[in-house]
Amino acid sequence: MIIQQDIINLVSAANKAGYLINVNDLQLLTWNAGIATHNPIQLPVGFSAVYIFKYTNEYLKVGQAGL
């Protein structure tokens, strides 16, 4: 499960990579695995999403959708 500490880690990594991101600018949405429970929503104009796949304590994939 993705927790708030994962978001803090993501912001820290993004800042080290040169992206100016504040943890307060982010919103955490959690979906359970599986096609029946994954109902994506449309992003508001001008927003992007970062998705994280995590198993136990290993990040399997981090990606971006949108702008």
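**Figure 1. Surroundings of D6.** Leaving aside neighbours within four places in sequence, D6 contacts M1, K54 and Y59, a contact being heavy atoms within 4.5 Å. The structure is a predicted model, in which local features need pLDDT of at least 70 and side-chain atom pairs count only at pLDDT 80 or more, while totals for chains, interfaces and linings use all residues. Residues are numbered from 1 along each chain as its sequence is written, and side-chain values use heavy atoms, with hydrogens and water left out. D6 belongs to helix α1, residues 4-16; helices (H or I, at least four residues) and strands (E, at least two) are DSSP runs numbered from the N terminus. D6 counts as buried because its relative accessibility is 4%, where buried means under 20% relative accessible area, exposed over 50% and partly exposed in between (1.4 Å probe, protein chains only).

**Figure 2. Helix α1 and its buried face.** The end C-alpha atoms of α1 are 19 Å apart, in agreement with the 18 Å that its 13 residues should span at 1.5 Å a residue; the expected span is 1.5 Å times one less than the number of residues. The buried residues of α1 are D6, I7, V11 and A14. Seen down the axis of α1, these residues fall within an arc of 140° and so line one face of the helix, the arc being that of the directions from the helix axis to the C-beta atoms. Their cover includes β1 (48-55) and β2 (58-66). Just after α1, G18 adopts a positive phi of about 100°.

**Figure 3. The largest pocket.** The largest pocket holds about 1600 Å³ of space. Its lining comprises 36 residues, of which L29, A49, V50, Y51 and I52 lie nearest the pocket centre. The elements giving two or more residues to this lining are α1, β1 and β2, and β1 gives the most, with 7 residues. On a 1 Å grid over the protein atoms alone, a pocket is an open set of points where a 1.4 Å probe fits, with protein on both sides within 12 Å along at least five of seven lines; lining residues have an atom within 4 Å of a point. Grid points are joined across faces, edges and corners, and the volume is the space filled by probe spheres set on the points.

**Figure 4. The chain as a whole.** The chain contains 1 helix and 2 strands, in the order α-β-β from the N terminus. Buried residues make up 10% of its 67 residues.
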